[in-house]
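The text then turns to the helices.

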Amino acid sequence: MTVQTPNVFRLTPTDIDNNLTDLCRTLVDSVADGAAISFMMPLDHDSAARFWTDDVKPAIETGERHLFGAYYQRRMIGSVQLLLAMPPNQPHRAEISKMIVHPDARRRGLGKALMQEALKSAQEAGKTLITLDTRTGDVSESLYRSVGFKPAGVIPDFAFDPHGKSRHATTYMYRYL
């Protein structure tokens, strides 16, 4: 897949319905490729669809999170979520979650474009601190550093890798806006 300039948009609940096949394909294929995004192998289409429709869509409807999608040739091949609903003592903070780019489209600027839109949206929402966590040593760490995130610390044995055979550390990162 050749990817040139990605088109990144903030998605509505209707956009989730209209792009559910692409969202599921990207999620399922990413997990199968080893992405550490909280899912275990094998992830089937129905489970992925439930994640988008039962977990993500209601939070978008209430405004608790924003979802951004990267399109190429009318196909969605990447997404990232911005979680805005934080505890009462953290109204200034938001969190990045589930940065997902289809394995065939990685290393072509989609992740960076998605992150830039999420950061812009966080700033527009009045947030001044953004946090995230990522598998320690993962290629995503360099992406996050490239858009201004700094490591805050590492927790060993944080989660199982998608194949369920080994655990990995996670690196917490932050960025001020």
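Ile130 stands opposite Arg175 in strand S7. This pair belongs to strands S5 and S7 (residues 167-176), which pair in the antiparallel sense over 7 bridges; two strands pair if DSSP finds at least two bridges between them. Helices (H or I, at least four residues) and strands (E, at least two) are DSSP runs, numbered from the N terminus.

The model is predicted: local features need pLDDT of at least 70, side-chain atom pairs count only at pLDDT 80 or more, and totals for chains, interfaces and linings use all residues. Residues are numbered from 1 along each chain as its sequence is written, and side-chain values use heavy atoms, with hydrogens and water left out.

S5 (residues 129-135) is mostly covered, with 6 of its 7 residues buried (under 20% relative accessible area, 1.4 Å probe, protein chains only). S5 also runs parallel to strand S4 (residues 93-101), joined by 3 bridges. Thr131 in S5 is the bridge partner of Glu95. From S4 the chain passes through helix H4 (residues 110-124) to S5, a right-handed β-α-β crossover: with the strands pointing away from the viewer, the path from the first strand over the helix to the second runs clockwise.

How is the packing of two helices described? Two packed helices are described by the angle between their axes and the distance between the axes. H4 packs with helix H5 (residues 139-146) at an angle of about 45 degrees, the axes being 10 Å apart. Axes are lines fitted to C-alpha atoms, for helices over the stretch in contact, and angles run from 0 to 180 degrees between N-to-C directions.

Notes: Buried < 20%, exposed > 50% of the residue type's maximum accessible area, 1.4 Å probe, protein only.
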